[in-house]
Amino acid sequence: MNEIDLRRFDLNLLVVFDVLMTERSVTRAAERLGRSSSAISHALAKLREIFADELFVRAGQKLVPTAKALELAPTVHVILAGMESLLRPSKPFDPSLASRDFAVAASETGELILVQPLRQRLAQLAPSIHAGWMPSHREENVEALRSGRCHFVIDIEGLPVQAPDIRMLKLFDDRLVTLARPGHPLAKRKPKALGFAAADHIEVNSLPALELIDQALAAERTSCRIVERVSSVLVGLLLALNSDALLTLPVSLAAILERQFGLVRIHQPFAGVAFPLRLFWHSSYDRDECHEWVRGQIGTLAREMESAA
């Protein structure tokens, strides 16, 4: 068989072949396809040339497939069935019937404020769509999206992403609040900038919170006195509950911890510090209905979170 240039190959020839395998007659194949017998004969001649085989030989009034035709028939049938499925109008997307697994790259804070609520929402609306968490690494996120290792990146650090194939949706501007244990000395008064900066502060490695606070304090030529650097919000929370150290977090997360642990907010002696919460994905998923639906759920959660904060 000669090498076939797929760009010039007429898929209608495979349709003719498939019908001939069923009808075993040029005349009946022509009637079934609504074409002339001569057109079917011409198509059969082209097929014989392409596959370098007779494909069908006459035995009385019938065409009998050769060994080569019998070998080709199952593959041709699968190809045509796949094409029919591809071209068939798709049903409206129903998340309750969909089954997908998505990986979401996020920091610990992103997991707490968005990934976990997303899991709960999916369990109600789409039980077979799952969102799994994976750690977010600034230098690896774009490649992870491109390779399909993750499907979404939730960014709370303002990562610089300048890639034409990466899509971005700003969810909302989160702002920073400072929390302390109940009865903290600063809870009942409004500290000035120097007093606020001089207090004990906890820095969580995965959050740029104190960096942003220091920028706000720069006009006073002071910066926060960091007494503990911790690996996670949980460790910072335990320290804040059991000491006079202050913990600065996004308000979306702080609102959860206030309710759960009775923490109180400490007055910040500067204008509110905000930073964007953003969602990234790869452009190859732009028209993926399930991916698009999950994006919409993340956006809805973010709007609810913003209005509740």
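Q: Let's start with the largest pocket. Which helix gives the most to its lining?
A: That is α10, which supplies five residues of the lining. Keep in mind that the model is predicted.

Q: OK. Which elements each supply at least two residues of that lining?
A: They are α5 (108–125), α10 (251–261) and α11.

Q: How many residues line the largest pocket, and which lie nearest its centre?
A: The lining has 13 residues. Nearest the centre are Ser252, Ile256, Arg259, Met305 and Ala308.

Q: And what is the lining like by class?
A: It has 10 nonpolar residues, one polar and two charged.

Q: What volume does the largest pocket have?
A: About 240 Å³.

Q: How does one find empty space like that?
A: A probe the size of a water molecule is rolled over the atoms, and that shows where empty space is left.

Q: Back to α10. Which of its residues are buried?
A: Val251, Ser252, Leu253, Ala254, Ala255, Leu257 and Glu258. Ser252 is also among the residues nearest the centre of the largest pocket.

Q: What do those buried residues pack against?
A: Two helices they pack against are α5 and α11. Another helix on the list is α9 (233–241). The strands are β6 (166–180), β9 (246–250) and β10 (264–266).

Q: What comes just after α10?
A: Gly262, with a positive phi of about 70°.

Q: Pick Ile213. What is it in contact with, leaving aside neighbours within four places in sequence?
A: Leu176, Phe196, Cys224, Thr248, Gln268, Phe270 and Val273.

Q: Where do Asp155 and Arg278 lie?
A: Asp155 is in strand β5 (residues 152–155), and Arg278 is in strand β11 (residues 274–282). The two are 123 residues apart in sequence, so the pair ties together those separated parts.

Q: Buried or exposed, that Asp155?
A: Buried, because its relative accessibility is 2%, under the 20% cut-off. Arg278 is buried too, with a relative accessible area of 14%.

Q: Give me another pair. What does Glu111 form a salt bridge with?
A: With Arg119. Their closest N and O atoms are 3.6 Å apart. Glu111 is at 22% relative accessibility, so it counts as partly exposed. Arg119 is partly exposed as well, at 26%.

Q: And Glu54, what does its side chain meet?
A: The side chain of Arg48, in a salt bridge of 3.8 Å from N to O. Glu54 counts as partly exposed, at 46% relative accessibility. Arg48 is partly exposed at 25%.

How values were computed
Residues are numbered from 1 along each chain as its sequence is written. This is a predicted model: local features need pLDDT of at least 70, side-chain atom pairs count only at pLDDT 80 or more; totals for chains, interfaces and linings use all residues. Side-chain values use heavy atoms; hydrogens and water are left out. A salt bridge is a side-chain nitrogen of Lys or Arg within 4 Å of a carboxyl oxygen of Asp or Glu. Buried means under 20% relative accessible area, exposed over 50%, partly exposed in between (1.4 Å probe, protein chains only). Helices (H or I, at least four residues) and strands (E, at least two) are DSSP runs, numbered from the N terminus. Contact means heavy atoms within 4.5 Å. On a 1 Å grid over the protein atoms alone, a cavity is a set of points where a 1.4 Å probe fits but cannot get out, and a pocket is an open set with protein on both sides within 12 Å along at least five of seven lines; lining residues have an atom within 4 Å of a point. Grid points are joined across faces, edges and corners, and a volume is the space filled by probe spheres set on the points. Ala, Val, Leu, Ile, Met, Phe, Trp, Tyr, Cys and Pro count as nonpolar, Asp, Glu, Lys and Arg as charged, and the others, Gly among them, as polar.
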